[in-house]
Amino acid sequence: MHGPAAPGWLLVALCAATGAYCLLRLRSGVEEQRRSAGDEALMGFGMAAMAVPAAVFTPPQWAWPGYAVVFGAAALRALWAARTGRHHLHHLVGASAMVYMALAMADSPAAAQGHGHGGSGLPLVTGALLLYFTGYVLLSGARLIPVPAVAGGPRPTGWGDRPELARACRLSMGIAMVAMLITL
């Protein structure tokens, strides 16, 4: 995305690792884990691809509308899924934010010329998304505080069945989204 290469690569690594863990959650025996894991894996890998520093690789101009189409489809899927669970509303906001960033990058003259980025996007929309994701990060961080397990309740057995890891992944993607929006 925008900014220095070192933080960009850290963001790529964080998002790719999160996407990989979400793929692992697709194999979970817990239905709740599988339900949102695919959407979150798409977000993780999509954010990793968008975060590659521009000094290293500048995507062709046609890639940004491609991102917008992929994440637009993900937003429509999240809108449809929101009928059954409100967690999908967060997926809707996340996918819509990815569409917004892709369109802002496609419209950015700096992106077309492969130069440094900045100043793309609408400040009001970027600010609203920053407020949402900052609130989400703070709330998700508070939810990571351990809760004692219920005695006799089912214990997760595999890495894909650990709800606290899923929450940590969502938190890391929220932090990454804040970083990406700041550099937009």
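Author: Serine 96 is partly exposed, because its relative accessible area of 35% falls between the limits for buried (under 20%) and exposed (over 50%), as judged with a 1.4 Å probe and protein chains only. This serine 96 lies in helix H4, which covers residues 87–107; helices here are DSSP runs of H or I with at least four residues, numbered from the N terminus. Although serine 96 and alanine 68 are separated by 28 residues in sequence, their C-alpha atoms are 8.8 Å apart in space.

The model is a predicted one, in which local features need pLDDT of at least 70 and side-chain atom pairs count only at pLDDT 80 or more, while totals for chains, interfaces and linings use all residues. Residues are numbered from 1 along each chain as its sequence is written, and side-chain values use heavy atoms, with hydrogens and water left out.

For contrast, consider glutamate 40, which sits in helix H2 and counts as buried because its relative accessibility is 3%. Leaving aside residues up to four places away in sequence, glutamate 40 touches several residues, including His87 and His91, where a contact means heavy atoms within 4.5 Å.

As for confidence, the mean pLDDT (the predictor's confidence in each residue, from 0 to 100) is 83 for the protein, and 82% of its residues reach 70 or more. Over residues 111–117, however, the pLDDT is below 50, and this stretch has 14 contacts in the model beyond near neighbours in sequence.

Technical notes:
Helix = DSSP H or I, 4+ residues; strand = E, 2+ residues; numbered from the N terminus.
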